[in-house]
Amino acid sequence: MTSHDDFAARIRNASAPLRIRGGGTKDWYGQALSGEILDTRGYSGVVSYEPTELVITARCGTPLAEIEALLAQHNQMLAFEPPRHEGSTIGGVVASALSGPRRASAGAVRDFVLGAVLMDGRGEVLRFGGQVMKNVAGYDVSRLLAGSLGTLGLILEVSLKVLPLPLREASLRFEMSEIDALRRLNEWAGQPLPISASCWHRGVLSLRLSGADAAVEAAQRKLGGQVLDGADAFWSSLRDQTHPYFKAASLWRMSVPSHASAIVLRGEQLIEWGGAQRWLAIDADEATGSDAGGCVEERAGIIRRSVAAAGGHSTLFRCADKRVGVFHPLAPAMAKIHERLKQSFDPAGIFNPGRMY
């Protein structure tokens, strides 16, 4: 198995930038890839797991499938439902911070990160979760690593909170317009209903209910609707992004307040997380057409201005043309914070350069 010393030697002797990589299942995410590959898969295994304490600690190269299989033996889960791509590692799960349908009710990846062990750009091992680096005092660094795409350092180990599997689940479907769906989702959000996932697409609102038998049955009676056939496969297709919708040539992810009204844009939308996450799919003709703008400046400007006006931000989630920048432009003050954090952890700038901005 790869050791800390092996990683440290590689980092200290690096003559070119390094690209931290596990299973490579997120290579499409973020800006263009660069640097020599620093493979984490040789540093694998569950360090500790105590089901009664609801905490699991694993090395970065541990396959996500291995962790989920272990949790399932004890009727537990990673409640943020990360996408399950073949070869995914737990380091990549945290570094990308992608969450699935249950995120709106359970929380995001960073909400479940309890601690982390990081190797910085100097090859030094830093432990977070009770300890705070002097030069980044004031930040919850272990959670800060969620979504950092490996730009701050090599995540060696991570401790995650886990939750019990729900005793019962049921899924319902309702035929309604986008406006009606957003209104109903916000009304239901203010009521004690065990809604664990939602999705509106092509005139159909789907809900998943999770919890105790009595709570799920009572919610079914109150909400009505029809039973959603093939519910497990449907929610899995959203979680793992295998649903046909996600095969679009250009795919934007829009994060807005759940109460925001419908955002009118060219393309097909799919709405999750009670209205807080809205996807915009653009087909191949529009994505490449010179008049439509596609993934270039005109199209991106329209999308980003519309989403910003609704109080949110947008990400060019998947597209071959990334000239406009994948992530929403940062405000000057926030950009300065990013720069200072990068300088603190990786002063030579060797980790995943340009992957985010």
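When we say two residues are in contact here, we mean they have heavy atoms within 4.5 Å. With that in mind, take Ser96: leaving aside its neighbours within four places in sequence, Ser96 is in contact with Lys26, Tyr29, Gly147 and Leu149. Keep in mind that this is a predicted model.

**Ser96 and its helix**

- You'll find Ser96 in helix α3, which covers residues 90-96.
- Is Ser96 buried or exposed? Buried means under 20% relative accessible area, and Ser96 comes in at 6%, so it counts as buried.

**The five-stranded sheet**

- Five strands make an open sheet, and if you read across it the order is β3-β4-β8-β6-β7, with antiparallel pairing.
- The edges belong to β3 (46-50) and β7 (125-128), each of which pairs on one side only.
- From one strand to the next, the twist averages 10°.
- Zoom in on β6 (residues 113-119) and β8 (residues 154-161): these two pair in the antiparallel sense over six bridges.
- Leu118 has Ile155 in β8 as its bridge partner.
- Helix α1 (residues 4-12) lies across β6, β7 and β8, and runs at about 55° to β6.
- As a bit of background, side chains in a regular strand alternate between the two faces of the sheet.

**Strand β11 and its partners**

- How many of the seven residues of strand β11 are buried? Six of them are, so β11 (residues 195-201) is largely enclosed by the rest of the structure.
- One partner of β11 is strand β12 (residues 204-211), and the two pair in the antiparallel sense over six bridges.
- Within that pairing, His201 stands opposite Val204 in β12.
- β11 and β12 form a hairpin with two residues between them, and Arg202 in the turn has a positive phi of about 50°.
- β11 also runs antiparallel to strand β15 (residues 268-272), joined to it by three bridges.
- Here Trp200 stands opposite Ile271 in β15.

**Cysteines**

- Cys60 has a relative accessible area of 3%, so it is buried.
- Cys199 is at 1% relative accessibility, so it counts as buried too.

**The largest pocket**

- The volume of the largest pocket is about 1200 Å³.
- It is lined by 44 residues, and the closest to its centre are Arg110, Gly147, His338, Met356 and Tyr357.
- Several elements supply at least two residues each to the lining of the largest pocket, among them α4 (103-106), α5 (109-112), β14 (250-255) and α12 (332-345).
- Which element gives the most to this lining? That's α12, with five residues.

**Cavities**

- There are three cavities of 30 Å³ or more.
- The largest cavity has a volume of about 320 Å³.
- Of the 25 residues that line the largest cavity, Ile20, Arg21, Gly22, Gly92 and Ala95 are the closest to its centre.
- β1 (18-21), α3 and β8 are the elements that give two or more residues to the lining of the largest cavity.
- The largest share of that lining comes from α3, with five residues.

Key. Residues are numbered from 1 along each chain as its sequence is written. This is a predicted model: local features need pLDDT of at least 70, side-chain atom pairs count only at pLDDT 80 or more; totals for chains, interfaces and linings use all residues. Side-chain values use heavy atoms; hydrogens and water are left out. Two strands pair if DSSP finds at least two bridges between them. Helices (H or I, at least four residues) and strands (E, at least two) are DSSP runs, numbered from the N terminus. Axes are lines fitted to C-alpha atoms, for helices over the stretch in contact, and angles run from 0 to 180 degrees between N-to-C directions. Buried means under 20% relative accessible area, exposed over 50%, partly exposed in between (1.4 Å probe, protein chains only). On a 1 Å grid over the protein atoms alone, a cavity is a set of points where a 1.4 Å probe fits but cannot get out, and a pocket is an open set with protein on both sides within 12 Å along at least five of seven lines; lining residues have an atom within 4 Å of a point. Grid points are joined across faces, edges and corners, and a volume is the space filled by probe spheres set on the points.
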